[in-house]
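Colleague: I am new to this structure. Please take me through its salt bridges.

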Amino acid sequence: MTSNFCTMPFNSLEVSPNGTCKVCCKIQTDIKKSDTEYFNVMKDDINDIWHSVDLQLLRKKFLKNERPEECRLCWTEEESNVKSLRQQTVYGVVDLENPKITYLSLKLSNKCNLACRICSPHLSSLWQSQFKKLNIDLQPAEMFKTIDLEKFQDGRLDSLHKLSGNLHQLLIYGGEPLINDEVIDYLEYLSNSGISKNIQLTLNTNGTVYSEKLISIFRNFKFVDLFLSIDDVDKRFEYQRWPAKWDKISDNIQNYAKLGGNIKVELYPSMSVLNILNIEETLTKLSTYNIPITFNNIIHDPRVLSLRNLPKEHKTALIEKLEAIDFSNFNFNNTYTDAKDALIRFIKLDNDDGLDLTATEFLNRFNQHMNVHDKFRHTELKEYIPDLWNLLNGN
């Protein structure tokens, strides 16, 4: 394979909550039907999407060893020594001459019981509800009608079932997949049909749900990677993943830690401006659960919460703090030296366009982003994450 090659256009498809499709979660564009229209599984056949002109053009770019602009998030991560999605999947099952979907990522609904600070309405129904209550205009991309598998038109459900026989890997995201009937129905279909025994299932959950019924379904898959999105602990966690309660989350983590066999559980923190200053305390506490921590998810959006967009003076202080932490003390799934180096490299990246701000300008932009929801939720950054509040306010 060439140095810039990515297997995902040749074996991967992601279905979003509103029915549009991408090659993967990192790519910046949906698959186009024309210059003005995008494919959608609610009205278009999956085979037509998979063999579309748009997707064929992307494949040709990678065969020519190009670096497509729409894949810039992976290139950015690789520049900071973060193992990108491209690098994680480059050795997947792939047939260049006859591409087949063997790697399917499904976000079948934005139904979610949390409105996490790093998320948005198009992936959280609770975010949608909060926007409406605050009379915040939803952009067209955020006005999602989520997929109902029972109402797939003209055999779309059949086409999803048919391609399932080729799957080697199935990724389920949300919303929160463990409260989504669409997800549970599909997993039950795979389990009852026997197809699941050939599939490695990767499922990302916010940790609010522990269900013996779902565990019994998971047991029928070849292997299950269960990622718990736990970014922080105690009241800082509650601020970032509102309205979750840490005590309940902690109980669920302990229950997940007892699982074995074909189910591997990992803690999967998403690193942002909100949790970076308390990272040592957080990783120390998370390591006590005896669950490996996969430490390679650094957020890009919302941009004001991305670590690369901090003002230079804040970056300097933060890097000094990180360099003093002994990352070998934590229960990482990946090597601690790689985790630490990647995080620091990402922080050192140039800021996104339009966000090379002074400390005062950044504080104003940050407060504008946070305050409207703090007021609705009756929360204050100063109370929940005082270290961050002090840094941003020059204390």
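Modeller: What follows is a walk through the salt bridges, pair by pair. This is a predicted model in which local features need pLDDT of at least 70 and side-chain atom pairs count only at pLDDT 80 or more, while totals for chains, interfaces and linings use all residues. Residues are numbered from 1 along each chain as its sequence is written, and side-chain values use heavy atoms, with hydrogens and water left out.

The whole structure holds 17 salt bridges, each being a side-chain nitrogen of Lys or Arg within 4 Å of a carboxyl oxygen of Asp or Glu. One of them joins Lys33 to Asp44, at 2.7 Å from N to O. Both residues lie in the loop between β2 (21-22) and α2 (46-50), so this pair links parts 11 residues apart in sequence. Helices (H or I, at least four residues) and strands (E, at least two) are DSSP runs, numbered from the N terminus. Lys33 is partly exposed at 41% relative accessibility, whereas Asp44 is buried at 7%. Here buried means under 20% relative accessible area, exposed over 50%, and partly exposed in between (1.4 Å probe, protein chains only).

Another salt bridge pairs Arg117 with Asp374, their closest N and O atoms being 2.5 Å apart. Arg117 sits in the loop between β3 (103-106) and α6 (125-133) and Asp374 in helix α15 (residues 359-377), so the bridge ties together parts 257 residues apart in sequence. Arg117 is buried, with a relative accessible area of 3%, and Asp374 is buried at 7%.

Arg236 and Asp232 also meet in a salt bridge, at 2.9 Å from N to O, and both are buried. Through shared partners, salt bridges join Asp232, Arg236 and Glu281 into one network.
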